[in-house]
Amino acid sequence: MGSGLDSRVAFITGGRRGIGRAIAKRLAAQGTSIVIGAEGPAPEVDETIEMFERAGQKLAVVHGDLSNPAARGDTIALASEAFGPIDILVNNAACNPRTNPSMMTLKDRRWMFEINFHSAVDLIQQALPSMRERGYGRILNILSGGMFQAPIPYPGAPDSSHSIAVYGASKVALERVGTGLARELHGTNICVNGLRPHRVCVTEANSKAAIAAMRGNPEVAEGLEMMAEAGLLLIKGSLTGVSVSSRELLFATQSPLMSLDGSTVIGDANTLPDLG
Amino acid sequence: MTPIKTLDGRVALITGATQDGIGRATARRLASAGVSVVLHGSRDSSVPGLEDGCRIITEAGGKAAFVVADLASDSARANLLERAAADFGPISILVNNAAAITAYAPASKIDFAARDAMFEINFHAPIDLIQQALPAMREAGWGRIINLSSNSTSPPDLPMVGLPMMHKLALYGASKGALDRYTVGLAAELHGTGISVSGVLPHAVAWVSNADNLARMMLKVAPHKVETTEMMAEAIYLLTETGLTGIVSESRAILQMLQRPLHALDGVTVIGDATSLVEEPAA
């Protein structure tokens with residue numbers, strides 16, 4: 001494999017589909033043992049288990065509610081049971097109630113910050129002692145273009161821009177903890193980075209309408225492979241304190257875009273996704 | 001010379017205005033421009049400080065009242081805007097100045113209780129107050145919302161020399177970074193309503209009467225990183241007067257951008273401009 005990741009164990013929250021699962025598959029192709037977090041049993045979890053079984057790759061699943069501080073208290077301990085201590089933590093799970101900032105209720109705001117922010121910090125703090133002890137760790141926080149206010153005029157309906165503001169706020173907070181943590185952990189070989197889609201990542205969760213809209217404006221879209229490749233680059237390397245978009249990172253490192261199984265070059269930083 | 005009452009008839013609520021700090025200075029500066037001000041403190045023990053602030057303002061010819069509510073509690077803050085409107089009518093200017101650093105601890109260690117409390121006070125409470133204030137502002141077709149930010153929203157500059165303290169502000173910076181994103185998002189949503197939403201921060205630290213050791217040390221080694229509370233108050237006044245929206249900016253940059261002088265809190269006496277430094281008071 002050559003990447004040195006074949007002896008590592010990765011825990012990826014929100015790994016049953018989308019960006020989380022794509023990063024899981026890209027790492028598994030390097031021989032990394034994968035543990036995914038999922039709230040509860042779901043058809044997508046079974047599908048993911050089958051997918052890994054067919055490829056002969058190691059996968060374990062940890063169920064738990066990340067919105068509950070008590071319930072998530074032993075998440076890393078549970079995740080470490082299958083293949084040993086966690087070397088690589090990918091904080092990917094997130095939720096977005098999609099309401100304009102003037103109207104989002106305190107209940108929704110708290111729920112969103114529990115999952116998108118506090119749970120990520122809790123998992124980091126749970127994973128750090130073992131990473132420190134073993135002198136190796138990679139922490140990857142999945143961020144969002146929603147961190148930035150959309151430029152005027154808005155590309156679509158204004159509400160689609162407004163309703164991502166509070167979600168973006170939770171990701172700004174997560175990014176700031178990541179950059180601060182990277183500074184704090186300087187010299188420990190524990191690297192902390194933030195990665196976001198360049199604009200919009202096309203996932204299994206997109207509606208047909210969303211895909212149709214992207215066909216008219218394909219340069220806003222990217223495939224799951226782009227995020228997976230960029231995630232792998234950050235985990236494989238030793239950059240720290242970086243907050244970057246997927247396309248920017250592939251461009252800056254002049255890296256090819258690979259298929260999720262790592263077998264085929266399918267493009268580069270500029271490649272557009274297949275929107276059918 | 002009497003100050004020009006550019007904001008005559010407006011009513012402001014300034015949270016965290018207990019002490020001789022940015023909150024009180026802002027209240028005094030706005031009062032000089034004709035604004036009736038309501039000073040907020042979080043605890044019963046805040047009352048003497050709030051009374052001092054009100055006395056200073058009324059003695060200078062302004063109108064002031066105060067209100068107490070614990071911003072850490074969602075129920076205690078639930079009717080704050082309604083209570084603040086009791087003296088002078090609905091709030092048209094909301095300055096979210098109150099903030100807390102619930103623990104000085106690095107990101108790797110700061111516990112959930114401290115994080116949770118930090119986001120309640122620094123993020124959810126300002127948003128709750130904004131949502132309470134918006135109906136009256138919409139009805140009036142005029143409103144100003146100013147959220148205080150901090151330069152800790154960015155990680156410390158490299159090289160990191162002798163300031164391990166900065167590691168202990170990552171979570172505070174995260175709460176303020178989240179608020180900044182909310183500020184610009186809300187400004188975008190409210191475009192065209194007559195309600196402006198902006199953020200302001202000191203370049204590094206504001207010199208307040210109870211300035212801590214950090215401020216004193218910085219005044220010696222990096223005087224350009226220290227500024228007076230007048231600078232912050234002037235910037236907040238200027239954002240209120242001009243209605244600039246959707247910007248989050250350092251106080252000095254706002255004065256510079258608008259090419260306006262720095263006034264004393266009486267709103268009349270010119271004491272400098274965007275570049276003025278702090279003179280250390282005699283001990």
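This is a predicted model: local features need pLDDT of at least 70, side-chain atom pairs count only at pLDDT 80 or more; totals for chains, interfaces and linings use all residues.
In the model, 40 residues of chain A are in contact with 41 residues of chain B. Together the chains bury an area of about 3200 Å², and carbon and sulfur atoms account for 58% of this area. On the chain A side, the residues that lose the most area to chain B are Arg109(A), Arg176(A) and Arg183(A), which together give 24% of what that side buries.

Polar links also join the two chains. There are 25 residue pairs in polar contact between chain A and chain B. Two elements of chain A, helix H4 (106-134) and helix H6 (165-184), each give two or more residues to the side that touches chain B. The largest share, 13 residues, comes from H6(A). By type, the residues on this side of chain A divide into 20 nonpolar, 11 polar and 9 charged.

Salt bridges come next. The whole structure holds 20 of them over all chains, and 4 are found across the interface of chain A and chain B. One salt bridge joins Asp122(A) to Arg115(B), with the closest N and O atoms 2.4 Å apart. This pair crosses between chains, running from helix H4 of chain A to helix H4 (residues 112-140) of chain B. Asp122(A) and Arg115(B) are both buried.

Another salt bridge links Glu120(B) with Arg110(A), at 2.7 Å from N to O. Glu120(B) and Arg110(A) also belong to a network of salt bridges, together with Arg109(A), Asp74(B), Arg77(B) and Asp128(B). Within this network, the side chains of Asp128(B) and Arg77(B) meet at 2.9 Å, N to O. Asp128(B) lies in helix H4 of chain B, while Arg77(B) lies in the loop between strand S3 (64-68) and helix H3 (80-84), 51 residues apart. Asp128(B) and Arg77(B) are both buried.

Glu44(A) and Arg16(A) form a salt bridge with their closest N and O atoms 2.2 Å apart. Glu44(A) sits in helix H2 (residues 43-54) and Arg16(A) in the loop between strand S1 (9-12) and helix H1 (18-28), so the pair ties together parts of chain A that are 28 residues apart in sequence. Glu44(A) counts as partly exposed because its relative accessibility is 24%, and Arg16(A), at 26%, counts as partly exposed too.

S1(B) pairs with strand S2 (residues 36-41) in the parallel sense over 4 bridges, and Val11(B) stands opposite Ser36(B).

Note on methods
Residues are numbered from 1 along each chain as its sequence is written. Chains are lettered from A and ligands numbered from 1 in the order in which they are written. Side-chain values use heavy atoms; hydrogens and water are left out. Contact means heavy atoms within 4.5 Å. Buried area is the accessible area (1.4 Å probe) that two parts lose on being put together, summed over both. A polar contact is a pair of N or O atoms within 3.5 Å; within protein, one must be able to donate a hydrogen and the other to accept it, and residues adjacent in sequence count only if both atoms are side-chain atoms. Ala, Val, Leu, Ile, Met, Phe, Trp, Tyr, Cys and Pro count as nonpolar, Asp, Glu, Lys and Arg as charged, and the others, Gly among them, as polar. Two strands pair if DSSP finds at least two bridges between them. Buried means under 20% relative accessible area, exposed over 50%, partly exposed in between (1.4 Å probe, protein chains only).
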